[in-house]
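Thank you all for making time this morning.

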Amino acid sequence: MSGGPTVDGHDANGQHANGQHADGRDANEHHTDGREVDGRGVDGPVPGRRGAGAVVALAGRIVLAPAVLAVAGALVLTTLVMLAVGVDPALAYPALVRGALYDGNLEYTIAAFVPTLGMALAFAIPLRAGEFNLGGDGQMALGGVVAAALALNVTLPAGLGVLLPLVAAALTGALVAGISAPLRTRLGVPAIVTTLLVSTPAVALASYLVRFPLAEQGTGNAQTPTLPDAAHLPALAGSEYVTLGLPLIALLTAAWLLADARGVLGYEIRATGSNREFARYGGVAVNRLAAVTLAGGGAFAGLVGALIVLGPPYRFVDGALTAPGYTFTAIAAVLLATGRPVAVPFTVALLTILSAGGPGMERDAGVPSQLTQIVQGLIIVIVAVFATVRHVRRRRNARTEAGA
Amino acid sequence: MNIFEATFFAAVLTATAPVVLAALGGLLSSVSGVFNMALEGQLLWGAFTAVVFSYLTGSAWLGVLGGVLATVLYSAILSVSAVTFRADPVVVAVGMNLLALGLTAFLMRQVFGVGGTYTSPDLRGLPTLADLGLDVPVLGSQSPLVPVTLALVVAVALWLKRTRAGLRLRGIGQHADAAESLGLRVGVYRHGVVLAAGALCGLAGAQLALGNVTLFSEGMSAGRGWVAVVAVMLGGSRPYRVLLACLLFGAAEAFGFRLQGAGLPQQAADAAPYVITLLALVVAGAAGRRRQTVEAR
């Protein structure tokens, strides 16, 4: 199974191993090619295509980017679904936006951005090496349980009381995801299957631990007692729900982006994702990288579990980690970024707004919040189609030019 | 706890039938060279649409038919994007599984006005064989779709092995370009097989929602489609081996229910089928590896 086409929209055929958009096109074209997301490539007149023409060309490229087309296509199809079952889109969409951004809801949305971005890294890191991690739920739940158990049973001073559970949760997540690595490299079972198969028992184990050994006595609720004060993640100034988790995950994301773009490890991971055999030939320890990336992704999932548990309401509530569906919102966001890691925080923000607005839409317009899952599923399908279609068309053009 | 009694075997068959049907779809797709990981979503969609059509028509069999047709339509997403547009079938499948989860949960609230689980005395479930006057041991408590499932396993095995079309399908899976150069229309075969997998998943969903029980609940496929994917990995292109792998899963699920009855927590029952499936993968993978090493010498 090749991760190539999904990682950066290219076929896994070696010639793209050195990064994105290295296809042999002339310099003029290259200047605006595929840089829509970070806005570079706008500055400076393009030789032979000045002023308005260049702006139109750029605008055309932005509009026709697979990500933009996918979101637009998904929204159109979702609107059709709404009309088919008699929901008024003119009521639903404004309610969705209000539910995410207005009336003091923005704080919840920012709070939901943190776990979604973390889960996006949990999926994106292995994907760069061509491995699919669909088991984020299990890694997150066990990470959260370990963090809660540690905070409840070990008395620690203030700073360490937060740090130790976070680290332990990350290690737990790494271990849970790491199980899939030898299965992939020694037995040849794809990680997409094993991560998912491990996830269900992992969630069940976390649920069991929270309901029985760690349960709060006497209330009958499936939750742990409130964690001691030393284990509370400090909230950011002026906020109730946004904690120190936000700067932490932002920092880690920046570190990953840097390592991916500039680091040796990042280069080796990208090379493996583009063409596994080519990378192996070039001296990359591809099997070790599968383990490193899966464990790295799992570590982020475990960390997210701890960030949720150590934040308000400062306890592990059974189902509270997996119910909001962070894992699959994040997967949709990463696939929407079509191989541009820099775009991931933005696609995560977009899809977080979509899913965080769901409950508000349900309350105000009476439209079930599951609508947001429909949008996400459609986005994934459409982006997969557009990524290939664009690539095939480009290859065909290249072949025509070469033949002429 | 006696596990060697008729009711246990009946429980195994009940748990196995939907997985076998979905796995047959996965097997056909994989033989043709299309990796079909969207079984989970199609199974869920089949279960939901079968319930909807049974509710609308008041007939369980029309429910089955509606479920099958609706799931064929749903599987066209995979066939069009992966076969026509050559999109990555794995990514498309991830999207389709999520889409099915969202669509069923959304439409259930719109159509039935409830979330979580829908059931109603008006909802017609499939009769058991005993209801139809065929009170044979073990099978008597099953829906007619269970013997149909077993027959389909035999049919698929014979079709792949003994017919011209089956041979051609295997050829396409082994070397699509070579098959194309012999004049076979690779795309047509692949479209047909992916849509057939949709029909089988629709049947699986109908058996799950109208045969095993008579209700629909959110996410009721509960990983069975993924177990079917694993069964195809374990069994390769041999339908009887795939059936065996599915029976292993069914036995684990039935055993899990027994454990729950014996006082173990529900979480153990939830986890049992997946742990067993994983162990089977590891054992089979290790055995395959050893065989390769021996052959290499």
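Let me start with B:V83, which, leaving aside residues up to four places away in sequence, touches B:V34, B:G187, B:R190, B:H191 and B:V194. Please keep in mind as we go that this is a predicted model. As for where this residue sits, B:V83 belongs to helix α3 of chain B, the helix that covers residues 60–84. Is B:V83 buried or exposed? It is buried, because 22 other C-beta atoms lie within 10 Å, and the cut-off for calling a residue buried is 20 or more.

Stepping back to chain B as a whole, we find 11 helices and 2 strands, and, read from the N terminus, the elements follow the order α-α-α-α-β-α-α-α-α-β-α-α-α. Among contacts in this chain between residues at least 6 apart in sequence, 73% join residues at least 24 apart, and 53% of the 297 residues count as buried. The C-alpha trace of chain B spans about 55 × 45 × 35 Å along its principal axes. Its radius of gyration is 19 Å, which agrees with the value near 19 Å for a compact globule with 297 residues.

Finally, a word on chain A, where the domain assignment gives domain 1 as 29–64 and domain 2 as 106–356. The C-alpha centres of these two domains of chain A lie 37 Å apart.

Conventions. Residues numbered from 1 in each chain as written. Chains lettered and ligands numbered in written order. Predicted model: local features only at pLDDT ≥ 70, side-chain atom pairs only at ≥ 80, totals over all residues. Helix = DSSP H or I, 4+ residues; strand = E, 2+ residues; numbered from the N terminus. Buried ≥ 20, exposed ≤ 12 C-beta atoms within 10 Å, placed from the backbone. Contact = placed C-beta atoms within 7 Å. Domains from an automatic or database assignment. Rg over C-alpha atoms; globule rule 2.2 N^0.38 Å.
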